[in-house]
2 protein chains.
Amino acid sequence: MKSLPLRKQIEEIVNLTDEEFAFVLEHFQQRIFKKHQIVIHEGDYAKYEFFVLKGLMKVSRLYSNGKEHILKFGIENWWVTDFEAFHRKTKSTLMVSCLEDTDTLAIDLENKEKLSRELPKMQSFFLTKTTDRYIALQKRILCFLSSNANDRYHNLLTIYPGLIQRVPKAMIASYLGVTRETLSRLTKADT
Amino acid sequence: MKSLPLRKQIEEIVNLTDEEFAFVLEHFQQRIFKKHQIVIHEGDYAKYEFFVLKGLMKVSRLYSNGKEHILKFGIENWWVTDFEAFHRKTKSTLMVSCLEDTDTLAIDLENKEKLSRELPKMQSFFLTKTTDRYIALQKRILCFLSSNANDRYHNLLTIYPGLIQRVPKAMIASYLGVTRETLSRLTKADT
């Protein structure tokens with residue numbers, strides 16, 4: 001199992017011995033998905049949280065009028081799931097799908113809780129990652145409040161390096177909450 | 001020290017003995033603020049995270065053009081600080097102030113980390129609360145993406161019961177990212 005990126009991310013926060021990392025890995029399973037595959041359908045239980053080793057996932061909400069709002073992209077080293085459905089064991093209100101062939105390490109809630117209990121360092125790691133995610137979302141909220149699409153666009157360039165070359169412009173516009181025309185203006189102003 | 005609401009909130013997630021709760025409380029100090037008092041100025045270090053026992057706090061960003069964007073209100077039982085500045089020990093980019101006389105229990109980062117280490121149940125509590133916060137912000141992002149001010153308004157009514165009677169309309173509009181006129185339409189449609 002290609003697990004080095006996971007170890008690297010954990011060790012940015014807490015140190016692990018080889019034995020401890022082997023123990024961590026026992027709680028994960030490798031899951032591989034094809035491009036366009038839907039990993040979690042709306043209405044499904046979200047059994048796993050995925051650590052992206054390679055590939056590109058998308059978390060979005062579909063509306064009855066056919067519109068799709070993109071909440072999040074998951075590139076290499078990101079954690080992806082419907083967090084509410086996963087943590088509260090409720091049915092998913094979001095869709096998780098793959099925009100490229102995607103390799104992941106998947107953990108279910110029971111294993112995440114067991115790991116947190118039996119190796120408190122890992123709980124500390126999960127707490128730090130969740131805090132980081134919360135801080136990142138606060139910044140996105142502030143960008144929305146300032147109604148400044150340019151800020152939102154540059155925020156996206158910062159947090160997802162290289163993404164703009166990997167996904168269709170319509171999806172970038174959906175993530176930013178702007179029209180295609182506004183996005184064209186932003187990308188042109190940037191070149 | 002009036003600490004019952006804190007114990008109640010912790011025990012919704014993990015059980016504590018009287019001795020354990022006494023140990024938890026040793027890590028907090030009571031901090032009382034007056035209406036209009038600024039608790040964290042932009043540029044300050046955010047030394048404490050506050051649990052609101054009574055009163056009302058506001059977390060906002062001030063812009064050079066005089067505009068204020070409200071990121072969060074903190075009513076009873078909410079946790080308030082500039083989370084980025086607090087957790088990363090950086091200078092605050094937000095302002096935390098009081099809209100009413102406010103009683104809090106305050107914890108600094110060293111004590112929060114010590115408590116998490118020495119009583120892993122508390123780390124579990126902090127992880128659950130941070131996950132809850134993250135899920136709540138995701139919902140707010142989805143409301144922004146749908147550009148539906150009505151959804152945002154009803155989301156606010158749900159997460160802050162009674163708030164609308166406690167703060168000026170201009171602040172509600174700032175939190176929602178709408179004009180005063182739009183807010184008037186929303187509140188009228190709701191009566």
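User: What makes helix H5 of chain A "mostly covered"?

Analyst: In this predicted model, 19 of the 26 residues of H5(A) are buried.

User: How do you know that the length of H5(A) agrees with its 26 residues?

Analyst: H5(A) covers residues 120-145, and at 1.5 Å a residue it should span 38 Å. Its end C-alpha atoms lie 37 Å apart, which agrees. After H5(A) comes A:Ser147, with a positive phi near 55°.

User: Why are S1 and S6 of chain A called edge strands?

Analyst: Look at the order of the open sheet, S1-S8-S3-S6 in chain A, where the pairing is antiparallel. Strands S1 (29-33) and S6 (79-80) each pair on one side only, and that is what the name edge strand refers to. Helix H1 (residues 4-11) of chain A packs on this sheet, touching S3 (48-54), S6 and S8, with its direction at about 110° to that of S3(A).

User: What makes S1(A) and S8(A) a pair?

Analyst: Pairing needs at least two bridges, and 5 bridges join S1(A) to S8(A) (residues 102-108), so they count as a pair. One example is A:Phe33, whose bridge partner in S8(A) is A:Thr102.

User: How do you know how chains A and B are related?

Analyst: A rotation of 180° with 0.0 Å of shift along its axis superposes chain A on chain B, with an RMSD of 0.0 Å. The two copies are therefore related as by a two-fold rotation axis. Both copies use the same surface: 100% of the contact residues of chain A recur in chain B.

Key
Residues are numbered from 1 along each chain as its sequence is written. Chains are lettered from A and ligands numbered from 1 in the order in which they are written. This is a predicted model: local features need pLDDT of at least 70, side-chain atom pairs count only at pLDDT 80 or more; totals for chains, interfaces and linings use all residues. Side-chain values use heavy atoms; hydrogens and water are left out. Copies are superposed by least squares on the C-alpha atoms of residues with pLDDT of at least 70 in both. Contact means heavy atoms within 4.5 Å. Helices (H or I, at least four residues) and strands (E, at least two) are DSSP runs, numbered from the N terminus. Axes are lines fitted to C-alpha atoms, for helices over the stretch in contact, and angles run from 0 to 180 degrees between N-to-C directions. The expected span of a helix is 1.5 Å times one less than its number of residues. Buried means under 20% relative accessible area, exposed over 50%, partly exposed in between (1.4 Å probe, protein chains only).
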